[in-house]
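Here are my notes on this one, as numbered points. Have the sequence and the model open while you read.

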2 protein chains.
Amino acid sequence: MKLETKTAHFTNPLYLESGRILEPYEIIYETYGELNADKSNVIVICHALSGSHHAAGRYGNEAKPGWWDNFIGDGKTIDTQKYFVICTNNIGSCFGSTSPMSPNYPSDEPYRFKFPVLTISDIVKAQRILFDSLGIHHVRAVIGGSMGGMQAICYAIEYPRFADIIIPMATTAYTRPWAIASNKIAMEAIRHDPSFKNGNYEKEDLIANGLPGLAIGRMAGLIAYVGPNSMNEKFGRNYAHTDGLYELFGRFEVERYLEYNAYNFPKIFDPLSYLYICKTMNIFNAARGSDKLEDALAKIKCQLHLISFSDDVLFFPEEMEEIYTTMKELGKDNVSYTMIESTHGHDSFLVELDKFKDYIVDILEDRVG
Amino acid sequence: MKLETKTAHFTNPLYLESGRILEPYEIIYETYGELNADKSNVIVICHALSGSHHAAGRYGNEAKPGWWDNFIGDGKTIDTQKYFVICTNNIGSCFGSTSPMSPNYPSDEPYRFKFPVLTISDIVKAQRILFDSLGIHHVRAVIGGSMGGMQAICYAIEYPRFADIIIPMATTAYTRPWAIASNKIAMEAIRHDPSFKNGNYEKEDLIANGLPGLAIGRMAGLIAYVGPNSMNEKFGRNYAHTDGLYELFGRFEVERYLEYNAYNFPKIFDPLSYLYICKTMNIFNAARGSDKLEDALAKIKCQLHLISFSDDVLFFPEEMEEIYTTMKELGKDNVSYTMIESTHGHDSFLVELDKFKDYIVDILEDRVG
């Protein structure tokens, strides 16, 4: 598989939903496979909150490959012998695209809290500008889970002729208070952490010392991603064999899992990006700018294939089903809805590929009505 | 209604499950109504994590009455013209019973982290010692929700002839990793808060300045108590009219609710007590000391009436149903199980009284088989 990582620079202003302007900005992105002559083999992958443009393949001596590597590659579900796959790092995220820690041009100082709040529409708009600059004005498919699914829905509504097929997974048409509340824990934990220094931290300090507030926020996220059933299966009531049951800080296995994953997180993720991305997800509402959700969904012209997971306790299956039902009530035939039975909660779109990969192939081969 | 608040002092050692000893210890408790001549009209109420012995009535000019005041009182569900009701403050809690901030006798210094980890059995054992000291060796009923429900189950198993009727609500026979994970957020947020000073805080400082770590932990609790459906009903996507949608810290109503309730919490609750009580709940397992849950439940001789709430996402209805099913499989007839339809999540046992109060009266009047 041919893997390329590039950064595109844009000096034209990006007009944001908020009325603010991002100028200049950069988007880092990866491509897998090769663009065919008539540019008809493009698939766009959209990443989730803590994801990046590194969706597949492996750099030099990297220990772990990209986050959807089992899904994208030669001979895999998204077959890079056939498709040219693009995944961008969302603006606002901290893996190389313009973010709160980028210099606030013309100064050399980072934006920090001067960074504008972005919406899913803004992120998608920036991606479209990148694709235009590559001469790609139409794609075969857009696929994404969670916040990536929000982007997919946004493509479907705002750029009705851009993609033939759009596949949002484990997502919602508008963020409910339950998900907002989970993000709230993260936002408050970050804000109140003294190492955050009200946004005036030095990156090096965080890498050296961590940021417990971000770790605690990440725990709230992890809990919602894994969910109760998966926790019962994975951890049960197993207790760390090194710890005493009556030790105040003795740990159940689920606690060790949370500690391990959460306390490593601030080494790889930026707290200001986390705050801004939480806000972006919280204010996501596919119906914004329309009188009601029906009006927004009425615009969709692509084949929309919605996939939810039975055990998702962040974005519940009912939220995906509502999109389907609403479109059906509008008399639209260009929509399907599938709930995959899974015990892996919200994370299923990342870890339960075996349960939906054949279905994705069928969709891409036009075998799903 | 006659309301009395008293504190009992015990100088005999309390032998704990951990092998440690609490000596001396105090229990503060309230009573409502009057004990009849043959002491046959006693009902024990057990409180939840952040509750106290102040379950009903109102002190002098108190703004809010006790936490179950709609439930307990003259002519109410638990009719204090008929019953003599006792509610103790659990040892380990911070409302007057012996807790981590009590002096570690013979020193005058608080225990802090030298306080022993308590189990639900320890808490119940201490209550039994109090009741014995009052000459009460048998009661009509024990009723409690959440952590109070754990105590109720513990009474049923460990003191099979103590109560005629036991009513655990919104609880579990053993805490699952999902609830442990929610407590983990609280425990980590408290530990990492610099104002906590590794447990060496001064109470006055917390009252003056708050403890954001405890507030953030409380948020994790509140989210689990309220649940997604109730949040949809109560808050929807309403946004604070004072805040801008594209303001990074602009708030949805659900965020305002969480802020308001969480940031007030450290003014009334002690962080060390919170840590210890989380631990107590985490290690609750009614089957401990038995080979399996069946063996523990086989001991139950009282009438056990289990009540769950359809929308409880902290202790799911399945967890209560499992107790019922297991007892039925043992061939026991002294058990009933009812799931109340409610959209108020785990908190239903506190706020949806109308949905179960008649049922409780029927149980107390022996009209439920």
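1. Some housekeeping. This is a predicted model, in which local features need pLDDT of at least 70 and side-chain atom pairs count only at pLDDT 80 or more, while totals for chains, interfaces and linings use all residues. Residues are numbered from 1 along each chain as its sequence is written, with chains lettered from A and ligands numbered from 1 in the order in which they are written.

2. Now the overall build. Chain A has twelve helices and twelve strands, where helices (H or I, at least four residues) and strands (E, at least two) are DSSP runs numbered from the N terminus. With a radius of gyration of 20 Å, close to the 21 Å that the globule rule gives for 369 residues, chain A is as compact as a globular protein of that length. That radius is taken over C-alpha atoms, and the rule is 2.2 Å times the number of residues to the power 0.38. Along the principal axes, the C-alpha atoms of chain A fill a box of roughly 60 × 50 × 45 Å.

3. On burial: 54% of the 369 residues of chain A count as buried. The cut-offs are 20 or more other C-beta atoms within 10 Å of a residue's own for buried, 12 or fewer for exposed, and partly exposed in between, with C-beta atoms placed from the backbone.

4. How are the two copies related? Chain B can be laid on chain A with an RMSD of 0.0 Å by a turn of 180° and a shift of 0.0 Å along the axis. The copies are thus related as by a two-fold rotation axis. The superposition is by least squares on the C-alpha atoms of residues with pLDDT of at least 70 in both.

5. The interface: 41 residues of chain B are in contact with 41 residues of chain A. On the chain B side, α3 (177-191), α5 (212-234), α6 (253-268) and α7 (271-282) each supply at least two residues, and α3(B) gives the largest share, nine residues. That side divides into 28 nonpolar, seven polar and six charged residues. Here Ala, Val, Leu, Ile, Met, Phe, Trp, Tyr, Cys and Pro count as nonpolar, Asp, Glu, Lys and Arg as charged, and the others, Gly among them, as polar. Since 100% of the interface residues of chain B are also interface residues in chain A, the copies meet through the same surface.

6. Next, the core. In soluble globular proteins, nonpolar side chains tend to be buried together. The largest nonpolar core in this model has 248 residues, and those with the most contacts inside it are A:Ile166 and B:Ile166. Such a core is a set of buried Ala, Val, Leu, Ile, Met, Phe, Trp, Tyr and Cys residues joined through C-beta atoms within 7 Å. α5(B) gives the most to this core, with eleven residues. Not counting residues up to four places away in sequence, A:Ile166 touches several residues, including A:Val142, A:Tyr155, A:Cys302 and A:Leu304.

7. Take β9(A) (residues 139-145) next: six of its seven residues are buried. β9(A) pairs in the parallel sense with β5 (residues 42-46) over four bridges, pairing being called when DSSP finds at least two bridges between two strands. In that pair, A:Ile45 stands opposite A:Ile143. β9(A) also runs parallel to β10 (residues 163-169) of chain A, joined by six bridges, with A:Met169 as the bridge partner of A:Gly145.

8. β4(A) (residues 25-32) is mostly covered too, with seven of its eight residues buried. β4(A) pairs in the antiparallel sense with β1 (residues 3-10) over eight bridges, where A:Glu30 is the bridge partner of A:Thr5. The pairing of β4(A) with β8 (residues 84-88) is antiparallel as well, over four bridges, and there A:Thr31 stands opposite A:Ile86.

9. Is A:Trp67 buried or exposed? A:Trp67 sits in the loop between β5 and β6 (72-73) of chain A and is buried, with 20 other C-beta atoms within 10 Å. Among the residues that A:Trp67 touches, not counting those up to four places away in sequence, are A:His54 and A:Leu350. A:Val351, in helix α11 (residues 348-351) of chain A, counts as partly exposed, with 14 C-beta neighbours inside 10 Å.

Note on methods:
Two residues are in contact if their C-beta atoms, placed from the backbone, lie within 7 Å.
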